[in-house]
Amino acid sequence: MERLNRSSIDKALLEAVPVSAEEKEAILSEQKMTGRSLAKILIDRGLLDEENYASIMEELLNIPRINLYNYNIKAAVADCIPAEMARRYRVVPVGIREEKLYLAMADPLDLATIDDVAMLTGREIIPVIAGEKAIAYVISHHYELAAYPAREEEGRGDEGAVQEVEVPPELETSAEDAPVVKLVNSLIDRALEEGASDVHLEPSSEGLRIRLRLDGVLHDLAVPSRLNQAQIISRVKVMANLDIAEKRLPQDGNIHYYRSGREVNMRVSTMPTVHGEKVVIRLLDKKKIIMPLESLGFSPDSLRTFQHLLLNHSGMILVTGPTGCGKTTTLYSALHFLNNPRYNIITVEDPVEYHLSGINQVPVNRRINRTFANTLRSILRQDPDIIMVGEIRDLETVKIAAQAALTGHLVFSTLHTNSAASAVTRLTDMGLEPFMVVASTIGVIAQRLIRKNCSHCLEEYRLNDEEKEFFCGYFKQEPPLSLHRGAGCRRCNQTGFKGRTSIQELLVMSQELQTLILQKAPASELHRKAVEQGMEPLVAGGLKCLEQGITTLGEVIRVTFNSLYETEGAGNALNSAYIAELQKDGID
């Protein structure tokens, strides 16, 4: 059972009772001084009765309550735990089903008690809510009476082992919201199995829509029509340690998920909509984020150039591209490559998605004014060798980063631009003087993630006349007789794609480029000069993937068109309707 957010429960309890601000302060002070639970304090003060408390807990946690006064507990069930444990922990077993022990508790958030009972009985514990007085009444009748008339016959086998005892329907169907727990776990397992990067839970008037982002594209997931979306959303919020009572404001949280020896961190974001809370779960698999540089998709020449850039002791290296293009993977892999006890490496991120051993990682926190810029100033007083700034968003941050690069630090950061050349002009557009750009920047990587054809349903096809004409206009060369694509099969969910690789263009600062930057040349001119000096543009990388049968024409257009349009104006000379059709084909 995951650690639940007791603070959100306490908040809901305080909102449920009529207390003045002074009395509320006194209650919280007593809780802090005595360490007692807020519920017990409220009940002792007569502000909350057990029935109301059980009702609130049932609503917030989706844990059912039970009326022990009217419930007949079989001796075989009660004897699962010794009387002393029942008295000490104030708990009562009420049912057994499929190796699960249903345990009546006044405080279902008491994980220490749950763990102790689980260890003693060897069973999974499913908590149900009951009043403390009712629990004391049952204990006095079941454990403290001298005689148990039918104890020897009831529910025991020949060897005295406890047999399975029927669980009441109200507990079987909703205890710990078991079906929802299984459903959410199953959903996460499926997302991990299929290699999804995100899970979207979207409430609507017709029910809950569930989508997985596979290889950068969202796909609807077929789900049962009768889903309780409120319970599913609450379950995810409980796992992420979020305030389940707060449904009016966005929230962010994290889940540490363990399954079959595999640890996966998940970032959870909630957003209120007209139909309820929308939840997005970002799956952060450490195995996919920290990769050898050789596995990042660089061409051999670009890989050698990138490694030479990493050997610099000062200067700024930028990674640019749209959201979801693998910038974080490239930066983390570079830091892993440089990670050495001789270096003091510090990062400032929003948020810290992966924890890297040996590297000091600082999260942004705007509520206390811990911004990129303010944190970067503090980092410079920490004697760093290598600095990573998660993203350059404003002039203040870029000025400090450039100054750090000029004063003997190797600085990494990201931008959102379509090409390497436009990243340089973006810096000047933000207000950084051209001479500072020239003096601080040593290289820029623009990259994209491109979907690969499924190897299990790969087929060859011939280009029609329209495709040939488009190929010539886009790539400025004669097309091949045939290309490859995935036909769609069970292994790729009928998409024709399975997995992704990356393509990059790597701009290395040279004297000629520096001169153009000082002259405030446009991005297109910088791009042409970089290509003349050996930079392989994104389109050329996409063409290589196309010729090798790795991907499709539509996929190359989808990920490279913006960069080509920005640097070469390709859109003016090409049929935009045909481009749209190719891009649509690439997605569908």
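Ser234 sits in helix α11, residues 229–239. Helices here are DSSP runs of H or I with at least four residues, strands are runs of E with at least two, and both are numbered from the N terminus. This is a predicted model: local features need pLDDT of at least 70, side-chain atom pairs count only at pLDDT 80 or more, and totals for chains, interfaces and linings use all residues. Residues are numbered from 1 along each chain as its sequence is written, and side-chain values use heavy atoms, with hydrogens and water left out.

Is Ser234 buried or exposed? Its relative accessibility is 13%, so Ser234 counts as buried. Buried means under 20% relative accessible area, exposed over 50%, and partly exposed in between (1.4 Å probe, protein chains only). The Ser234 side chain reaches the backbone oxygen of Ala230 at 2.9 Å. Leaving out residues up to four places away in sequence, Ser234 touches Asn62 and Ile244. Contact means heavy atoms within 4.5 Å.

Now the sheet. Three strands form an open sheet in the order β1-β2-β3, with mixed pairing. β1 and β3 stand at the edges with a single partner strand each, so one side of each has no neighbour in the sheet. Direction ignored, neighbouring strands of this sheet are turned by 30 degrees against each other on average. The axes are lines fitted to C-alpha atoms, and angles run from 0 to 180 degrees between N-to-C directions. Two strands pair if DSSP finds at least two bridges between them.

| Strand pair | Sense | Bridges | Opposite residues |
|---|---|---|---|
| β2 and β3 | parallel | six bridges | Leu103 and Pro127 |

Five of the six residues of β3 are buried, so β3 is largely enclosed by the rest of the structure.

Helix α7 belongs with these strands. β2, α7 and β3 make a right-handed β-α-β unit. Right-handed means that, with the strands pointing away from the viewer, the path from the first strand over the helix to the second runs clockwise.

Which residues of α7 (residues 111–121) are buried? They are Thr113, Ile114, Val117 and Thr121. They cover an arc of only 100 degrees around the axis, which puts them on the same side of α7. That arc is taken from the directions from the helix axis to the C-beta atoms. The buried residues of α7 pack against α6 (83–89), β1 (91–97), β2 (100–105) and β3 (124–129). Just after α7, Gly122 takes a positive phi of about 70 degrees.

Methods: A polar contact is a pair of N or O atoms within 3.5 Å; within protein, one must be able to donate a hydrogen and the other to accept it, and residues adjacent in sequence count only if both atoms are side-chain atoms.
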